[in-house]
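This report goes through selected strands, a helix, a loop residue and the chain contacts of one structure. Please look at the sequence and the model before reading on.

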Amino acid sequence: MIRLGALGVGLLFVITLLWGVIQPREAVAPDPVKALHKHPQEIEWTTNGVFGKFDRKQMQRGFQVYKEICSACHSIHRVAFRDLAALGFSAPEIKAIAAGYDIATIDDKTGEPTTRKGLPADKFPLIYPNEIAARAAQNGALPPDLSLITKAREDGPNYVHSLITGYADAPANWKVPDGLYYNPYFRSLNVAMPPPLAADDQITYVDGTKATKDQMARDVATFLTWTAEPKLEARKETGVAAIAFLLILTALGYLSYRKVWADVKRKPAAV
Amino acid sequence: MSFPWAKHYQPTSEFGKYMDSRLPLPRFIYGALGAGYPTPKNLNYFYNFGVLAGVALVIQIITGVVLGMHYAANTGIAFDSVEHIMRDVNSGWMIRYMHAVGASFFFAVVYVHIFRGLYYGSYKPPREVLWLLGLVIFLLMMATAFMGYVLVWGQMSFWGATVITNLFSAVPIVGEAIHTWLLGGFAPDNATLNRFFSLHYLLPFIIFGVIILHVWALHIPGSNNPTGVDVKGPQDTVPFHPYYTAKDFFGLGVYLTLFSVFVFFLPNALGEVDNYVPANPLSTPTHIVPEWYLLPFYAILKAFTTDFLLVKAKLWGVIAMLAAIVLLFFLPWLDTSPVRSNRYRPLNRIFFWIFVADCLVLGYCGGQLAVEPWVRIGQLAAAYYFAHFLIIIPLIARFEKTLPLPNSISESVLAKYGKPPASGSAGTLGGTAPQPAE
Amino acid sequence: MASETSVSAASGAHGDGLPPEGERRRDFLYVATGAFAAVGAAAVVVPLVNQMNPSADVLALASIDLDLTPIQPGQAIVASWRGKPIFARQLTPQEIATANAVDIKTLRDPQTLAERTKPGNEKWLITLGVCTHLGCVPLGAREGENRGDYGGYYCPCHGSQYDIAGRIRGGPAPKNLEVPTYAFKSPTSVTIG
């Protein structure tokens, strides 16, 4: 009885699905975005690989790029000033950086909203108080917070590097709406962000490195890799130790297992 | 427990004797996982995955309880509290990655465990109840994993919750009411997040309880084995401890090594980038997909694209996805073949591997956008899924000519190690079975 | 996890299939495996315990700056530091004299006012507003509150009495009100912590 019922139910599902299979499909015009969209260029980052590490100097340069260019529109609200110690900044330097930002607070006499100078314990402030304010100021576009951007986009660091260096003239068959810019690395190809890196030497690096567009893009992508995954180095170091330990433990476990079973498996030595 | 030659617990110390007459917990452990549980001596590495699943659950519970100390189930700060764990809590990044990767590994282990049961016929009498309890665990796991994924309150959390809870609205008449009741509102919001957190914390302990029943049900008939032949006597078994504890320990080492590779070097490889964007109820990601372990079922849901027989496509999808799991509960009565192991079922074995491939195809289609050719391929794969269980298996069970079974486990083991088998040709039959590197 | 302990215990067990020869208990391999597993388990416990310690953002708030200008002589303010109240009081010359007149040998927790303040800034008494008995917040810092029999602070929970220097004088508390680590940044502002 069960099997007869099953046969009936099975046939019902199968016929329904096959009915769906034979339905004609509407012709779909090939998506022009798909043809023009490019995958980010592969970069050899210092953080790649099992022993990957951050280059402190590069992160500091990246922070400079962020501060002088990106921070006009993009916040890194999940990062605290104190976190900058990981970039190699000293405590007084961090204090000075923090003091350069205004942090919202309330006046402790009147209770009115006011601002105070930033402290190391504070986070980088938001640039717009909310999404509506951001869109109002940015012509309808929303500049995302960059704290997690390299984890929130496929192939993050490569994507950031390719996106900000990848602006190009739109091909003839592609119409870019007013106020947007053509960028083959952007999902919809039309990005609201104007090319942030206009020319070489747009900024002057404190450490004297030549600020080519590519260099600035690499540096800021490295910085944003850190903002998204500040524990990357600890993670990889712990991982190497954990796996080395587990391999030894597993080898010991295997030998113990063979020893326990030795008398049950009386088998040719060749196996 | 059920074999007369099983060793009995002998308390050695005074304290042991004292406890044994009051709370015989050591006796219980001894009979369940110790030397008092005679186990077939021919179990291969696929039989490690039951214990591994138990370990995976324990890892999830421990890391989960710890995360619960720092997580805040409130839509305003849930995402922030996860980032707080990642950035500021001592070792928080490690604990969260262990929990996230651990969920995937738990499912991977359980899938191997289920397919092992399918291959060696572990669902057949007298182990039907064992199989049913396993399916209950599987269902609870899916619910738990889904709700846990929502807790992050990223874009994929929010839209996953939206899509999955919307399934219930396909139910005629009361669907909308159920949908609203589940969410505690008209879209996923604070009420939803809070109840999901509560249930996500509760369900693992229920899973733990069902696992105890699952292991209990296992110990009545004892473990199945790759030959599918019943244990005939003491020569067929070894005590679980130290033989299988040692083997499980080794298997656990391999598992934890692989687990560490993902936790420390590929922690986000199994996740979705969109879940690092905080939930935004006003903007849907371009492509909503569940975690990989739910993709085959998601593919079945998506495979129904046309209204048929007065039933809407949406309802068809929901019914089919549900049926895809429910039909597994009937498997012990659909497959009536008296032979358990696919080692001795040449025809069924072929269809088993087709089914494995079918699940992989379904999983792949589940992760694709609804464009051709993936829709048609998904529909065909879904059709095979139902045909396999509801049509092919009952028919094979009826008409298949099975191979001769070995007389006993020990005979099969002797044959495997090159000694002439006492009778039959059982030694060569295991050739296409998944052979462990023993 | 059960398998870990059972493998190390495996050394003592003789299963049905085991031959009697060989003293497995002392087998180096099993001992080494068990020891390694134990070390691994301990290494896992450390982060699981340590996660309950204060997180980085909590530790970052461990010091605050306090402006003393609004405090009039004879008055006190209540500030918050590490989630606990801080009492900052400007003593009047009479109060300083009263505090110094006490024979500290008679005190439960002998301390002079000078030991409880900074040199040159004896009029600024900065203490935690936490009773050393069981952690309640004593009264007396705000205007009009009961300051107890010794004119300092009075804890309403179990009746501990503190004098004008925050020293314990009566009731169950064992210690004087704690003086936190602080330093004067300017004559009218301090950094606490």
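This is a predicted model: local features need pLDDT of at least 70, side-chain atom pairs count only at pLDDT 80 or more; totals for chains, interfaces and linings use all residues.

Which residue of β9(C) does Y182(C) stand opposite? Y182(C) faces I192(C) in that strand.

## Strand β9 of chain C and its partners

Strand β8 of chain C covers residues 182-186 and is joined to β9(C) by four bridges, the two running antiparallel. Between β8(C) and β9(C) there are two residues, and the strands form a hairpin. Strand β1 of chain C, residues 64-67, is also joined to β9(C) by four bridges and also runs antiparallel to that strand. In this pairing D65(C) stands opposite T191(C). Strands of a sheet pair through backbone hydrogen bonds, in a parallel or an antiparallel sense.

Strand β9(C) itself spans residues 189-192. S189(C) and T191(C) point to one side of the strand, while V190(C) and I192(C) point the other way. In a regular strand, side chains alternate between the two faces of the sheet. Are these four residues of β9(C) buried or exposed? All of S189(C), V190(C), T191(C) and I192(C) are buried.

## The β5-β6-β7 sheet of chain C

Chain C also has an open sheet of three strands in the order β5-β6-β7, with antiparallel pairing. Strands β5 (151-154) and β7 (168-170) of chain C stand at the edges and have a single partner strand each, so one side of each lacks a neighbour in the sheet. On average, neighbouring strands of this sheet are turned by 40° against each other, direction ignored.

Strand β6 of chain C, residues 161-163, pairs with β7(C) over two bridges in the antiparallel sense. Y162(C) is placed opposite I168(C) of β7(C).

## Helix α4 of chain A

Helix α4 of chain A runs over residues 91-99, and its buried residues are I94(A), I97(A) and A98(A). They lie on the same side of α4(A) because they cover an arc of only 95° around the axis. The face turned away from this buried side carries P92(A) and K95(A), which are exposed.

What do the buried residues of α4(A) pack against? Their packing partner is helix α3 of chain A, residues 56-68.

## I76 in the loop between α3 and α4

I76(A) belongs to the loop between α3 and α4 of chain A. Its relative accessible area is 0%, and the cut-off for buried is under 20%, so I76(A) counts as buried.

Which residues does I76(A) touch, leaving out those up to four places away in sequence? The contacts are Y66(A), F124(A), D145(A), L146(A), S147(A), F223(A) and L224(A). K123(A) is 47 residues from I76(A) along the chain, and the C-alpha atoms of the two are separated by 8.3 Å.

## Contact between chain A and chain B

Chain A contributes 60 residues to its contact with chain B, and chain B contributes 64 residues. The two chains bury about 5500 Å² between them, with 70% of it on carbon and sulfur atoms. On the chain A side, F13(A), L17(A) and R78(A) lose the most area to chain B, together 13% of what that side buries.

How many salt bridges does the rule find across the interface of chain A and chain B? Three are found there. R78(A) forms a salt bridge with D80(B), and the closest N and O atoms of the two are 2.7 Å apart.

## Contact between chain C and chain A

The contact of chain C with chain A takes 17 residues from chain C and 12 residues from chain A. About 1300 Å² is buried between these chains, 74% of it on carbon and sulfur atoms. L29(C), Y30(C) and F36(C) supply 40% of the area that chain C buries against chain A, more than any other three residues.

The rule finds one salt bridge across this interface. D27(C) forms a salt bridge with K259(A), and their closest N and O atoms are 3.4 Å apart.

Technical notes: Residues are numbered from 1 along each chain as its sequence is written. Chains are lettered from A and ligands numbered from 1 in the order in which they are written. Side-chain values use heavy atoms; hydrogens and water are left out. Buried means under 20% relative accessible area, exposed over 50%, partly exposed in between (1.4 Å probe, protein chains only). The arc is that of the directions from the helix axis to the C-beta atoms. Contact means heavy atoms within 4.5 Å. Two strands pair if DSSP finds at least two bridges between them. Axes are lines fitted to C-alpha atoms, for helices over the stretch in contact, and angles run from 0 to 180 degrees between N-to-C directions. Buried area is the accessible area (1.4 Å probe) that two parts lose on being put together, summed over both. A salt bridge is a side-chain nitrogen of Lys or Arg within 4 Å of a carboxyl oxygen of Asp or Glu.
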